[in-house]
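Here is a short briefing for a reader new to this structure. Look over the sequence and the model first, then take the points by topic.

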Amino acid sequence: MEQLLKVMNFCVSSDGVAAGEHQTLERPFGLDGPERLFSWAGATASWPMRTDPGGSRGLDDYFTRDFARNIGAEIMGRNKFGPQRGPWQDLEWQGWWGKEPPFRTPVFVMTHHGRPSITLSDTTFHFVDGDPATVLAQAREAARGQDVRLGGGVSTVRQFLEADLVDTLHVAVSPLKFGSGLRLWENPEELLDRFHLEVVPSRSGVTHHLFWRR
């Protein structure tokens, strides 16, 4: 079967904003109150960082539970790994994800500045310089027949969309506005020339947008 490139559980505001323009070590999303974008996932029973019992079931939980299913590799932009720009100044710092990152697959970090791969628990980060098609080919080989998840951030997802490499997207739209920031879209209808779309509201207030290639 074809290996799919999937955007999964990508969170945006109702005005399409997924991150701010001024990312720092203390503010990974560069936004005020970014937790409002993904609180729907954190409330579910299957949230991987849940430390207490309980959590919601139903539609939101399905998407949280499905996040890792048949995923053999991830691609992310450098700014999802950390806030450093330009040549790496601190190789001791190993990203925002702690000693046990949630990916549990090879992760290909797109950057123009190479550095040695890092293995943390069962996740290995590879730092690669290449166009989207080249990086996707590397990730597919590492995934060994499973699908590849495109994790973000915004600019990276847009690059792969512009290269027409994305097969499916799940975008969770929260009922709030940031007014400014890095937008995935001005309107989801921008993608309808290449994708089918189904919109499914959730009791949490989030609206799930499901896209699949025409």
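The backbone nitrogen of Glu-186 lies 2.8 Å from a polar atom of the Glu-190 side chain. A polar contact is a pair of N or O atoms within 3.5 Å; within protein, one must be able to donate a hydrogen and the other to accept it, and residues adjacent in sequence count only if both atoms are side-chain atoms. This is a predicted model: local features need pLDDT of at least 70, side-chain atom pairs count only at pLDDT 80 or more, and totals for chains, interfaces and linings use all residues. Residues are numbered from 1 along each chain as its sequence is written, and side-chain values use heavy atoms, with hydrogens and water left out.

**The loop at Glu-190**
- Glu-190 sits in the loop between strand E9 (182–183) and strand E10 (195–201). Helices (H or I, at least four residues) and strands (E, at least two) are DSSP runs, numbered from the N terminus.
- Glu-190 is partly exposed, at 39% relative accessibility. Buried means under 20% relative accessible area, exposed over 50%, and partly exposed in between (1.4 Å probe, protein chains only).

**The sheet**
- Nine strands form an open sheet with mixed pairing, in the order E5-E6-E4-E3-E7-E1-E8-E11-E10. Its edge strands are E5 (118–120) and E10, each pairing on one side only. From one strand to the next, the twist averages 20°.
- Two strands pair if DSSP finds at least two bridges between them.
- E5 and E6 (residues 123–128) are antiparallel, with three bridges. Ile-118 has Phe-125 in E6 as its bridge partner.
- Strand E3 (residues 71–77) is mostly covered, with seven of its seven residues buried.
- E3 runs parallel to E7 (residues 147–152), joined by five bridges. Here Met-76 stands opposite Gly-152.
- E3 also runs parallel to E4 (residues 106–110), through four bridges. Here Gly-77 stands opposite Met-110.

**Helices on the sheet**
- Helix H5 (residues 154–162) lies across E1, E3, E4, E7, E8 and E10, at about 130° to E7. Axes are lines fitted to C-alpha atoms, for helices over the stretch in contact, and angles run from 0 to 180 degrees between N-to-C directions.
- Which residues of H1 are buried? They include Leu-37, Trp-40 and Ala-41. Seen down the axis of H1, its buried residues fall within an arc of 105°, so they line one face of the helix. The arc is that of the directions from the helix axis to the C-beta atoms.
- The cover over the buried residues of H1 includes E1, E2 (17–19), helix H2 (59–65), E8 and E11. Contact means heavy atoms within 4.5 Å.

**Salt bridges**
- The count comes to 13 salt bridges. Each is a side-chain nitrogen of Lys or Arg within 4 Å of a carboxyl oxygen of Asp or Glu.
- Arg-183 and Asp-15 meet in one of them, at 3.7 Å, N to O. This pair links distant parts of the chain: Arg-183 is in E9 and Asp-15 in the loop between E1 and E2, 168 residues apart.
- Arg-183 is partly exposed at 24% relative accessibility, while Asp-15 is buried at 12%.
- Glu-74 forms a salt bridge with Lys-80, the closest N and O atoms being 3.1 Å apart. Glu-74 also forms one with Arg-149, at 2.7 Å. Arg-149 in E7 and Glu-74 in E3 are 75 residues apart.
- Glu-74 is buried, at 0% relative accessible area. Arg-149 is buried too, at 2%.
- A network of salt bridges links Arg-140, Asp-164, Asp-167 and Arg-213.
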